[in-house]
Amino acid sequence: MENTSASKSKVLKIAVAGGVTGGHLYPNLAVLEEFQRRRNIEVLYFCVQGKIEERVLPKFHPEFKRYSVKVKGLRRPIFHPENLVRFSRLLINSVNIKRALEEFAPDFVYVSGGYVSYPVALAGRKLGIPVYVQEQNTIPGKANITISKFAKKIFVAFEECVTRFPDEVRKKIKVTGNPVWTREGRVELPRPTVLVIGGSGGSEFLNKITLEVSWLLPDVHFILSTGGKKVEGEVPANVEIVDYIENMYAYWRSVDLAITRAGATTISELIYFNVPAVVVPWEGATESHQVTNAKIIERHGLGVMMREIEYEPEKLADMIRTLMKKGRNFNERENPAKIIVDEIESNMSL
Ligand SMILES: CC(=O)N[C@H]1[C@@H](OP(=O)(O)OP(=O)(O)OC[C@H]2O[C@@H](n3ccc(=O)[nH]c3=O)[C@H](O)[C@@H]2O)O[C@H](CO)[C@@H](O)[C@@H]1O
């Protein structure tokens, strides 16, 4: 198809999956909004019932169609008895997902991980619809590796991810960085402000250390997003507690420093907005991928990694003082969402 204004005005239909956690959802929003800036699109978003996508999408994109899947991720180890039930449910869902996809008849399928991505991508393959997959982490998830074998293109955030895919798919990989969901806006905050984010689901460990370190830094304002996780102990006056922040882009743009887990999307947002940070990897992540993610912040000279075992309140307070002394750069980078949309447009001759 020629890239004419007529072809641009044709409605582009995109079937999307990727959620359960914010780390999979927000990069997809970035890509979909980049498409929206360029052309008319219609979206069918496959959501997991009760998860973050069901809360965020109706609020920011009520125009997207949603298809809700009632499914739970497989338990580890893989031979866990409960997986039999979960797997059968996934199979039943797969039939319905394929039907929904066939009815919607998208131009392509775009997935970013989280447990409905696999059945959606597979249904796309069976129906002969082009599939694109995006991996946020330095270490790819197993589902994304399987999808990569039949995907038209594989977008990865970090160079070190490439060699973790099978040889035969590597030529389809494009290293782009993670798309970052961003809009206009800032927030007025006391200076200096440290933002504490334990990923989209919060972190009890970060809650605990925030309360401890904030007593040592009474002149610093802390905003702690708990993701609904419990906060135990007396809360000092310089700590502001919130359940969840919906407009993170405005906060990234306005804070002086962050303390975060090392989810790949958080890491990419820190880099995009140039936010100095102390990054505390969640040790339970599959194949320690949060440790590998955290090292990227050090490589960018943006901050330091602190393993949980290394934590001492005084030590963290010192890290915060040192990073604050260096100050921050408020420039923003080029959004990888643009590169991904360029690639899909050229790959599909849109
Ligand atoms: C426990 C778990 O499964 N963690 C994984 C999950 O993490 P998780 O969903 O926690 O992912 P990330 O930390 O990468 O991203 C969190 C996202 O939520 C947003 N946010 C967070 C707090 C808040 O109040 N408001 C808000 O909007 C952040 O801006 C970011 O966009 O997906 C990541 C990306 O595949 C993985 O690297 C993580 O290992």
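## A strand residue to start with

Let's begin with valine 156, which sits in strand E6, a stretch covering residues 153-156. Is valine 156 buried or exposed? Its relative accessible area is 0%, so valine 156 is buried, given that buried means under 20%. Keep in mind as you look around that this is a predicted model.

Now find proline 140. Along the sequence, valine 156 and proline 140 are 16 residues apart, and in space their C-alpha atoms are 8.7 Å apart.

## Around the ligand

Next, zoom in on the ligand. A shell of 24 residues surrounds the ligand, and the closest are Asn137, Ser200, Thr266, Glu269 and His289. Sorted by class, that shell holds 8 nonpolar residues, 15 polar ones and 1 charged one.

Which protein atoms lie 2.5 Å, 2.6 Å and 2.9 Å from oxygen atoms of the ligand? At 2.5 Å, you'll find an N or O atom in the side chain of asparagine 137. Glutamate 269 puts a polar side-chain atom 2.6 Å from a ligand oxygen. With alanine 264, a polar backbone atom is involved, and the distance to an oxygen of the ligand is 2.9 Å.

How much of the ligand does the protein cover? On its own, the ligand has 770 Å² of accessible area, and the protein covers 88% of that. Several helices give two or more residues to the shell: H2 (22-38), H8 (248-254), H9 (264-273) and H10 (289-299). Domains come into the picture too: domain 1 (5-179 + 335-348) and domain 2 (193-326) each supply at least three residues to the shell.

## The nonpolar core

Time to look at the largest nonpolar core, which has 60 residues. The members that touch the most other members are Ile14, Phe35, Tyr110, Leu195 and Trp252. Helix H2 gives the most to this core, with 7 residues.

Where does this core lie relative to domain 1 and domain 2? Both domains give residues to the core, so the core lies between them.

## A buried arginine

Last stop: arginine 39, in the loop between H2 and strand E2 (41-48). Why does arginine 39 count as buried? Its relative accessibility is 6%, and the cut-off for buried is under 20%.

What does the side chain of arginine 39 contact? Its partner is the side chain of glutamate 345, and the two make a polar contact at 3.2 Å.

Methods: Residues are numbered from 1 along each chain as its sequence is written. This is a predicted model: local features need pLDDT of at least 70, side-chain atom pairs count only at pLDDT 80 or more; totals for chains, interfaces and linings use all residues. Side-chain values use heavy atoms; hydrogens and water are left out. A residue is near a molecule or strand if one of its heavy atoms lies within 4 Å of it. A polar contact is a pair of N or O atoms within 3.5 Å; within protein, one must be able to donate a hydrogen and the other to accept it, and residues adjacent in sequence count only if both atoms are side-chain atoms. Accessible areas come from the Shrake-Rupley method with a 1.4 Å probe; for residues, only the protein chains shown count as cover. Helices (H or I, at least four residues) and strands (E, at least two) are DSSP runs, numbered from the N terminus. Ala, Val, Leu, Ile, Met, Phe, Trp, Tyr, Cys and Pro count as nonpolar, Asp, Glu, Lys and Arg as charged, and the others, Gly among them, as polar. Domain bounds come from an automatic or database domain assignment. A nonpolar core is a set of buried Ala, Val, Leu, Ile, Met, Phe, Trp, Tyr and Cys residues joined through side-chain atoms within 4.5 Å. Buried means under 20% relative accessible area, exposed over 50%, partly exposed in between (1.4 Å probe, protein chains only).
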